[in-house]
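Here is a walk through one protein model, element by element. Keep the structure open while you read.

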Amino acid sequence: ALISKGPLIRLADSLSACRVLVVGAGGIGCELLKNLVLTGFKNIEVVSLDVPNVLYTQYLDCVQHTLFVNLRLSVLQVAKESVLQFCPTANITLTLFFLAAARNHVNRMCLAADIPLIESGTAGYLGQVTVIKKGLTECYECQPKPTQKTFPGCTIRNTPSEPIHCIVWAKYLFNQLFGEEDADQEVSPDTADPELSWNPADTEARATASDQDGDIKRVSTKDWARSTGYDAVKLFNKLFKDDIQYLLTMDKLWKKRKAPLPLDWLEIQKLVHSSQREVTGTGLKDQQVLGVAGYSQLFSRSVETLRSMLADKGDGAELVWDKDDPPAMDFVTAAANLRMHIFSMNMKSRFDIKSMAGNIIPAIATTNAVIAGLIVLEALKILSGDVEQCRTIFLNKQPNPRKKLLVPCALDPPSANCYVCASKPEVTVKLNVHKTLVLALQDKILKEKFGMVAPDVQIEDGKGTILISSEEGETEANNSKFLSDFGIRHGSRLQVDDFLQDYTLLVNVIHCEDLEKDVEFEVVGDAPDKAPTPPGAQEDKNVANGNKDSAEPSTSSKAPAEQDDVLIVDSDEEEPSSSTMDVRMESGGHKRKLHDAETGEASAKRQRLDQPLAADEEDDDIIALD
């Protein structure tokens, strides 16, 4: 039987003509670049969010060639030179930029330009690939993402119960002693702990008694350390003996908890001299767990090294904690383990502490390779006109009950409540209009929470009052004023536009005077009753972001029926939806979203979109985000 080669020829032509933007040139990105050029893609632009300054090895691998790349060089240039060895005729353009919330920004840019986005990520042995197409699928921001876990200050300072609490305390301690001091990262006992319920007089009396008994002065930790000349023994006794004894005076904390056990430097040195040094664990040195005596010696050595480093930098200098800086890592390892021992926790190896302190998820080469291959397969479907056949693919660590590692799920439709891709994006924010500054609205709510780059805010008050302008200096005088100074009250509505993202959002304001302590605002689900419309005000007719005409999907036409289909995995049963797929869930019950670790965070304005894409170019372009 004869097989028509027409569809394959057309696909090959599409590959060579199509333009691809790859965001990220790390673990997945390098593997993806190789796959793209070997598949036939010729025009590739690579955007990296940072340039690593730490020596590590990244490789590009194929059947007959393995190239090891030293990423102390520019990751982009090295990646380009490596890939061109596979396909010298490829046209690869390199760009470096810094932007906070890069995934959100790319998502909105793709919605604005109506370009398919292939989003992916890995975490150890787990991986995920999904396709985002405006009007057809969920966008990246349709599903809430788990926020970074934080811990109450009183838990870190007074009642740690997990190793991570001690590791965070040790990192805080590094900054308090050698780095930039932050009042929110204080490490001394917290007398304002809500569990204590002491009256001020009692608290002062206890503090005074402790000062007299232990000669502890409640001054800046760095000032105290400097006054001792960074004496390791005095630091040890202050942090692990005197402060712990002070905690023990807070007897209410220990009625239902095991009380901490103070450490004394002289007593521990007896263990050192009597050779009672315990080491557990086998294998590499970093995977061994020292005893209390061993960590006390490591603490002393690391303090002396860091003191010398600080002195070499001159007066007023500061050190920056880096997980790949041996003295800094030694200090955090020793301090964290000593605190774990005090609070009756099993101590951890240097390797384990480095992983937790640096938020490190091991990169698995084969996981990145599988995900990079799946990205290309989804891209081929898009170029063949089969966007409807695209799937979300999950790579699992172990086979599911149907004995599959790769599990395809039907793409979910856009969420009607998404504040990015809904037909009329709208959110409701609860705050105190008498205490919230315009600057806080701009930086903490619009930029940090909603991922905007350069927001313009207009009050729907019938006057068209401009509250915030993206033009430098235009509304700077408003920054120090409260929202109420501009007549904003319960039920007020703010029209927010971000020209750089072609993004419009309506913000409904709920005035609230009883927010929880340290909470400046809350995003709530239901919009309030609209405030009375001032005379002369007109309703704005909102439209879907990125399209001034409609919110209908704009997909390419189906390819001829005789074309070859690309199958990812066999699936003889009905494919489940990715939102109902039985996959691991993050805390809070949110659907798992895996992020590649190389996506950095910085901030800068992007250049304005001067011209939209031509109509005949829109469906030929793909953005692969890893």
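This is a predicted model: local features need pLDDT of at least 70, side-chain atom pairs count only at pLDDT 80 or more; totals for chains, interfaces and linings use all residues.

Residues are numbered from 1 along each chain as its sequence is written, and side-chain values use heavy atoms, with hydrogens and water left out.

Start with the record. UniProt, in an unreviewed entry, places a "binding site" at Gly-24, Ala-25, Gly-26, Gly-27, Ile-28 and Gly-29. UniProt positions follow the numbering used here, feature names are shortened, and annotations may be inferred rather than shown by experiment. Gly-24 sits in the loop between strand S1 (19-23) and helix H2 (27-39). Ala-25 is found in that loop between S1 and H2 too. Helices (H or I, at least four residues) and strands (E, at least two) are DSSP runs, numbered from the N terminus. Gly-24 is buried, at 6% relative accessible area. Ala-25 is buried as well, at 2%. Buried means under 20% relative accessible area, exposed over 50%, and partly exposed in between (1.4 Å probe, protein chains only).

Next comes helix H4, residues 102-113. How far apart are its end C-alpha atoms? They are 16 Å apart, which agrees with the 16 Å that 12 residues should span at 1.5 Å a residue. The expected span is 1.5 Å times one less than the number of residues. H4 is mostly covered, with 10 of its 12 residues buried. Among them are Arg-103, His-105, Asn-107 and Arg-108. Asp-114 follows H4 and has a positive phi, near 55 degrees.

At 67% relative accessibility, Thr-150 counts as exposed.

Now turn to the sheet. It is open, has 6 strands in the order S14-S13-S15-S16-S12-S17, and shows mixed pairing. Two strands pair if DSSP finds at least two bridges between them. Strands S14 (466-468) and S17 (521-524) are the edges, each pairing on one side only. The twist averages 30 degrees from one strand to the next. Strand S13 (residues 455-459) runs antiparallel to S14, joined by 2 bridges. Val-457 stands opposite Ile-468 in S14. Helix H15 (residues 438-449) packs on the sheet, touching S12, S13, S14, S15 and S17. Contact means heavy atoms within 4.5 Å. The direction of H15 makes about 65 degrees with that of S14. Axes are lines fitted to C-alpha atoms, for helices over the stretch in contact, and angles run from 0 to 180 degrees between N-to-C directions.

The whole structure holds 17 of them, each a side-chain nitrogen of Lys or Arg within 4 Å of a carboxyl oxygen of Asp or Glu. Asp-286, Asp-330 and Arg-350 are linked in a network. Arg-350 meets Asp-286 with the closest N and O atoms 3.5 Å apart. Arg-350 lies in helix H13 (residues 350-357) and Asp-286 in the loop between strands S8 (279-280) and S9 (289-290), so the pair ties together parts 64 residues apart in sequence. The salt bridge from Arg-350 to Asp-330 is 3.0 Å, N to O. Arg-350 is buried, at 18%.
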